[in-house]
Amino acid sequence: MPLYEYECKSCDQIVELLVRTTGEKLACPDCGSAGLDRVLSVTASPNVRGNSSLPVTAGGEPCSMPRCCGGGCQM
């Protein structure tokens, strides 16, 4: 059973959903909307310069951009 990431058209949240069957009706767990678009999942890469697993800026601070940990970094 694969995990897929979806972007909700109603609330713009990126959610990760477990898909059990191809015909399964999916809904956003935040707002309940069925308007979901599957997005490309990006694997996380640990920060080798420190103890954080979040992407970091040139100054070494976490980037804190939206969708940093789900759906890919927007840096």
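## Terms and model

Two strands pair if DSSP finds at least two bridges between them. Strands are DSSP runs of E with at least two residues, numbered from the N terminus. This is a predicted model, in which local features need pLDDT of at least 70, side-chain atom pairs count only at pLDDT 80 or more, and totals for chains, interfaces and linings use all residues. Residues are numbered from 1 along each chain as its sequence is written, and side-chain values use heavy atoms, with hydrogens and water left out.

## Strands β1 and β2

Y6 has V15 in β2 as its bridge partner. Strands β1 (residues 3-8) and β2 (residues 14-18) run antiparallel and are joined by five bridges. L3 is opposite L18 of β2. The β1–β2 hairpin has five residues between its strands, and D12 there adopts a positive phi near 60 degrees.

## Strand β3 and L36

Strand β1 is also joined to β3, by four bridges, and the two run antiparallel. E7 stands opposite D37 of β3.

L36 lies in β3, which spans residues 36-39. L36 is buried, at a relative accessible area of 16%. Leaving aside residues up to four places away in sequence, L36 is in contact (heavy atoms within 4.5 Å) with Y6, E7, C8, L17, L26, A27 and C28. Its C-alpha atom is 5.9 Å from that of K9, a residue 27 positions away along the chain.

Key
Buried < 20%, exposed > 50% of the residue type's maximum accessible area, 1.4 Å probe, protein only.
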